[in-house]
Amino acid sequence: MNVAERVHVMPLGFEHDRIVEPAMEYRADRVVLLDWLAADVERPDYHDDVVADLEAAGVEVDRRDCNLFDLYDSIGVIAEIVTAEARPADDADLGNEVYVNLATGSKITAIAGMIACMVTGEARPYYVRAERYASGTEPVGYGMEVAIDLPTYPMERPDRQQIAVLDHVVEEGPRSKRELIRFGAERDLPFVRDCDRPFDASGKPTKQSYARLRRHVVDPLVDRGFVAVDAVGTTRRVRATEDGHNARTAFGYVLDA
């Protein structure tokens, strides 16, 4: 049986101490650095020091690409990491203890990290207050005064079949409800699988399958503003809204979990 690890997820922003010191203070086994720089920004030398100092303290370092200034990409990447680390790969493994440092990236990654913790319910967010702050080419903060645990509250995300349908609509464009029922049958989604009679003798979707698609998938996505239903002649087509595209970016990790 594997031993659970303490895994800290930290944006690799313009910080040194607020990454290295909490990892050491809370005896992290591994740190996952969220790494991204704009094309016009030169990587600071102390980024190498962050990695070197963590490794010198016996902390394993992983790096993941993540756009620190994109809310939905940040939510998706952090939530994917949290889910993969906190949930055992099989019955022989223990899930890891996962912590998310909200202090070391942009304000956007701080919000994204908090949302990811609330959505998954499987990580503890915290904020590190520096002893003093600087500006310019140096790290933003020096030292570590205190790490503050933050409360999380449950946040409901779309369920897996809703995300699967949303992903399909984003990828393929507007779909008719008949097409979505056939997609649900191909993917063995619950709204079709649990239907007593999804198709009639000629292979057409039944009224029951249309009702289940509407009740379990389309209406919840419409209520969240992720899809809209447009009348095209006698057909109603489901299309993803801008919020739907963003939600698919944020929650698409669920399909790979």
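## Basis of the model

The model is predicted, so local features need pLDDT of at least 70 and side-chain atom pairs count only at pLDDT 80 or more, while totals for chains, interfaces and linings use all residues. Residues are numbered from 1 along each chain as its sequence is written, and side-chain values use heavy atoms, with hydrogens and water left out.

## Overall make-up

The chain contains nine helices and eleven strands. These are DSSP runs numbered from the N terminus (helices: H or I, at least four residues; strands: E, at least two).

Of the 257 residues, 46% are buried, meaning under 20% relative accessible area with a 1.4 Å probe, protein chains only. The accessible surface is about 13400 Å², and carbon and sulfur atoms account for 46% of that surface; the areas come from the Shrake-Rupley method with a 1.4 Å probe. Among contacts (heavy atoms within 4.5 Å) with a separation of 6 or more, 62% join residues 24 or more positions apart.

## Strands β4 and β5

Strand β4 (residues 97-101) runs parallel to strand β5 (residues 124-129), and three bridges link the pair. Two strands pair if DSSP finds at least two bridges between them. Asn101 has Tyr126 in β5 as its bridge partner. Between β4 and β5 the chain passes through helix α4 (residues 107-120), making a right-handed β-α-β crossover. Right-handed means that, with the strands pointing away from the viewer, the path from the first strand over the helix to the second runs clockwise.

## Cysteines

The structure has zero disulfides, a disulfide being a pair of cysteine sulfur atoms within 2.5 Å. Cys66 counts as buried because its relative accessibility is 1%. Cys195 is also buried, at 6% relative accessibility.

Note on methods. Buried means under 20% relative accessible area, exposed over 50%, partly exposed in between (1.4 Å probe, protein chains only).
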